Amino acid sequence: MFFSRYFPEILLRTGEHLVLVAIAMMVAIAIGIPLGILITRQAKLAQLILGVANAIQTIPSLAIFGFLISIPFLGGVSKIPAIVALSLYALLPLIRNTYIGIKSVDPAIIEAGRGMGMKERQLLFQVEIPLALGVILAGVRVATVISVGIATIASVIGGGGLGVFIFRGISTVNNELLLAGAIPAAGIALGADLGLGWLEKNLPQQIEKHGKINRKVGFSLGILTLLLVGLIAFTYWQTPPTIIIGSKNFTEQVILGELLAQQIESHTKLRVDRRLNLGGTFICHQAVKAGQIAGYIEYTGTSFTSILEQKPISNPKIVYEQVKQDYDKKFQLEVMRPLGFNNTYAMIIRGEDAKRLQIKTLSEAAKYTPQWRAGFGYEFIAREDGYPGLAKTYGLKFANPPQQMELGLMYKSLAEKKVDLIAANSTDGLIAVLDLVILEDDKQYFPPYEAIPVFHQATLQKYPELKTAISQLAGVISTEEIQKMNYQVDNQSRPVEQVVYEFIKSKPELSPKL
């Protein structure tokens with residue numbers, strides 16, 4: 001059942017993954033192997049170039065992806081920064097193996113070549129590279145396998161690939177989705193390792209024996225090249241979508257991003273490119289501000305405290321008006337009317353603990369925190385409306401600092417008793433599924449978090465029909481309805497597209513005007 005539902009998307013994401021790796025490796029080979037050759041001729045540069053390539057390897061991949069978002073031409077929310085990052089990570093094994101391979105060639109052979117009157121260029125291409133080819137290909141193999149693994153992170157900046165399934169599986173605690181991304185990725189890595197390993201073993205032997213690549217090896221390489229070129233051409237030949245819609249990286253956000261996309265496609269002639277499951281608030285905000293995505297769904301409290309850096313207040317009308325006004329003046333962004341529900345932060349414990357300790361509120365829970373372990377998202381720990389203010393308001397004192405983790409991992413850790421308190425969202429479908437309890441915010445610390453569409457003003461001016469279509473979503477989603485959709489995706493493993501389609505169909509006011 002799962003396979004039949006997701007098979008088309010698995011094929012799509014696998015193709016995206018292959019394209020990312022193939023293009024990145026072409027770029028890395030075009031840069032890395034010449035650099036490896038260069039430092040065999042310029043020994044003074046060897047330490048510097050190898051040092052830089054080694055330093056790149058030590059930088060966390062997510063940090064490089066995030067850094068590239070703001071870089072002109074190479075950055076943004078797309079496949080381009082993903083390809084750049086993958087190319088950077090592939091450089092070290094390519095440069096190092098090319099350098100070691102050429103340096104390992106027996107000097108006596110090189111001297112014999114010189115004695116025969118061969119020039120430096122002839123020595124390089126007819127002697128050194130053929131003899132070093134096995135070591136160079138080993139570097140290509142290692143770099144390819146590394147790229148396949150790191151490419152799974154590309155989805156956080158809209159690069160697509162199999163990481164879409166992996167991050168969606170983490171956020172929904174769905175092992176089937178995790179495996180839908182992990183198994184094909186592992187298959188690609190193993191296939192690349194075996195294929196390049198075969199090439200590494202046979203190609204140098206063929207060149208040494210015959211002085212050239214034999215017909216069988218050449219035919220295999222030609223077929224592989226044609227397949228890769230065809231896959232890349234198919235991916236990029238398609239007419240580019242007109243509108244790009246983004247979302248953050250948890251279930252509700254993916255649902256709301258899909259809702260925007262389907263609403264636009266059914267009420268306008270515009271095509272939509274879905275860049276769902278991007279990183280957190282700041283990635284989405286930077287993307288829409290720069291016009292790299294047309295719009296996404298934000299929450300008023302998040303905008304008010306995290307983006308505008310205001311002190312939390314509890315009046316939803318004041319928060320909304322302030323956000324709308326400041327987004328217009330500071331960022332040239334249009335804030336549309338709320339969708340109808342308020343998704344506030346929820347401090348959650350296990351149902352069995354709530355019953356055993358007889359606690360319902362955060363004030364009652366505060367005295368138990370020295371014995372509890374907490375698990376929070378990185379945004380919640382750093383935000384003005386997050387953990388620092390909450391701890392001060394309620395006197396929360398944990399024996400150890402809260403662990404930072406993704407939303408899906410928080411739920412899993414709480415259910416498995418690895419943590420005792422998490423900060424999640426009040427509309428999450430997993431709350432009821434896992435028999436969890438939301439502690440009442442009895443001191444009204446958290447500000448309102450009404451879901452609001454945020455769009456780039458220049459995009460709305462270019463496509464006025466876009467604003468009309470999105471405006472129809474104002475007030476149409478109740479808290480119960482978003483909880484139901486979250487539950488259907490999280491617990492029932494239903495495709496997001498189908499859940500959103502059925503919701504739209506159930507709302508007569510969203511039917512396209514014929």
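These exercises, each with a worked solution, concern the predicted model shown above.

The model is predicted, so local features need pLDDT of at least 70 and side-chain atom pairs count only at pLDDT 80 or more, while totals for chains, interfaces and linings use all residues. Residues are numbered from 1 along each chain as its sequence is written, and side-chain values use heavy atoms, with hydrogens and water left out.

**Exercise 1. The chain as a whole**

State how many helices and strands the chain has, and what share of its residues is buried.

Solution. 
- Helices (H or I, at least four residues) and strands (E, at least two) are DSSP runs, numbered from the N terminus.
- The chain has 23 helices and 10 strands.
- Buried means under 20% relative accessible area, exposed over 50%, and partly exposed in between (1.4 Å probe, protein chains only).
- Of the 514 residues, 54% count as buried.
- A contact means heavy atoms within 4.5 Å.
- Among contacts with a separation of 6 or more, 76% join residues 24 or more positions apart.

**Exercise 2. The largest cavity**

Find the volume of the largest cavity and describe its lining.

Solution. 
- A cavity is a set of points, on a 1 Å grid over the protein atoms alone, where a 1.4 Å probe fits but cannot get out; lining residues have an atom within 4 Å of a point.
- Grid points are joined across faces, edges and corners, and a volume is the space filled by probe spheres set on the points.
- The count is three cavities of 30 Å³ or more.
- The largest cavity has a volume of about 430 Å³.
- It is lined by 23 residues, and the closest to its centre are Phe250, Tyr345, Glu379, Arg383 and Asn425.
- α16 (378-382), α18 (407-415) and β8 (421-425) each supply at least two lining residues.
- Nonpolar residues are Ala, Val, Leu, Ile, Met, Phe, Trp, Tyr, Cys and Pro; charged ones are Asp, Glu, Lys and Arg; the others, Gly among them, are polar.
- By class, the lining has 11 nonpolar, eight polar and four charged residues.

**Exercise 3. Aromatic pairs**

Classify the pairs Tyr327 with Phe331 and Tyr368 with Trp372.

Solution. 
- Rings of Phe, Tyr and Trp (its six-membered ring) pair if their centres lie within 6.5 Å; planes under 30 degrees apart count as stacked, over 60 as edge-to-face and the rest as tilted.
- The count is 11 aromatic pairs.
- For Tyr327 and Phe331 the centres are 5.3 Å apart and the planes at 90°, so this pair is edge-to-face.
- Tyr327 and Phe331 are four residues apart in helix α13 (residues 316-331), so about one helical turn separates them.
- Both Tyr327 and Phe331 are buried.
- For Tyr368 and Trp372 the centres are 6.0 Å apart and the planes at 20°, so this pair is stacked.
- Trp372 counts as buried because its relative accessibility is 8%.
- Ring pairs also link Tyr345, Phe376, Phe380, Tyr387, Phe398, Tyr445, Phe446 and Tyr449 into a cluster.

**Exercise 4. Helix α17 and its cover**

List the buried residues of α17 and name elements that cover them.

Solution. 
- Helix α17 spans residues 387-394, and its buried residues are Tyr387, Gly389, Leu390, Ala391 and Tyr394.
- The cover includes β5 (345-350), α15 (362-365), β6 (374-376) and α16.
- Just after α17, Gly395 takes a positive phi of about 70°.

Definitions and conventions
1 Å grid on protein atoms, 1.4 Å probe; cavity = no way out; pocket = protein on both sides within 12 Å on 5 of 7 lines; lining within 4 Å.
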